[in-house]
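This briefing walks through one protein chain, topic by topic. Please keep the sequence and the structure in view while reading.

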Amino acid sequence: MARSERDVIDFSALERELQMAVESERRYQRENEAKLRAVSQRVASYSQFRDLVLSCHLRPLDKKDKDGASRRQPWNPVAPSNK
């Protein structure tokens, strides 16, 4: 019995599909939690609600992120360097 190409499993494609599904589920959970937080905070307007949900992927900076870390992108690329 010969195997056709349909019978062969493409594990790399399966892995990519799994990773996309996992990331999609994480995003859904993150956005849902942000929606529930926004409702419990009784935000004043829909735009505030929307902003909270759209920014839910952001995380606060740690102290190690702020102190002594070199910046890859200057805040104002037009300003002269302090060096």
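A helix, as the word is used here, is a DSSP run of H or I that holds at least four residues, and helices are numbered from the N terminus. The model is a predicted one, and its secondary structure comes to three helices and zero strands, which follow the pattern α-α-α along the sequence.

**Confidence of the prediction**

- The average pLDDT of the protein chain is 84, and 75% of the residues score at least 70.
- Confidence is highest in α1, at 95, whereas helix α3, which covers residues 63-66, has the lowest mean, at 72.

**The chain as a whole**

- The protein chain has 83 residues, of which 5% count as buried.

- Helix α1 is made of 30 residues and spans 43 Å from its first C-alpha to its last, a reach that is close to the 44 Å expected at 1.5 Å a residue.
- Which side chains meet in a salt bridge? Those of R27 and E31 do, with a distance of 2.9 Å from N to O, and since a salt bridge requires a side-chain nitrogen of Lys or Arg within 4 Å of a carboxyl oxygen of Asp or Glu, the pair qualifies.
- The count of salt bridges by this rule comes to one.
- Both R27 and E31 lie in helix α1, which runs over residues 11-40, and they are four residues apart, about one turn of the helix.
- R27 counts as partly exposed because its relative accessibility is 48%, and E31 also counts as partly exposed because its relative accessibility is 22%.

**A nonpolar patch on the surface**

- I9, F11 and L14 form a nonpolar patch on the surface, and together they have about 340 Å² of accessible area.
- Is L14 buried or partly exposed? L14 counts as partly exposed, because its relative accessibility is 45%.

**The residue R42 after α1**

- R42 follows α1, and its place is in the loop between α1 and α2, the latter covering residues 46-54.
- The phi of R42 is near 55°, which is a positive value in a residue other than glycine.
- R42 counts as exposed, because its relative accessibility is 73%.

Conventions
Residues numbered from 1 in each chain as written. Predicted model: local features only at pLDDT ≥ 70, side-chain atom pairs only at ≥ 80, totals over all residues. Heavy atoms only, no water. Helix = DSSP H or I, 4+ residues; strand = E, 2+ residues; numbered from the N terminus. Buried < 20%, exposed > 50% of the residue type's maximum accessible area, 1.4 Å probe, protein only. Expected span 1.5 Å × (residues − 1). Patch = residues over 30% accessible without salt bridge, like charges linked within 9 Å, V, L, I, M, F, W, Y side chains within 5 Å. Areas by Shrake-Rupley, 256 points an atom, 1.4 Å probe, with all protein chains shown as cover. pLDDT = per-residue confidence, 0-100.
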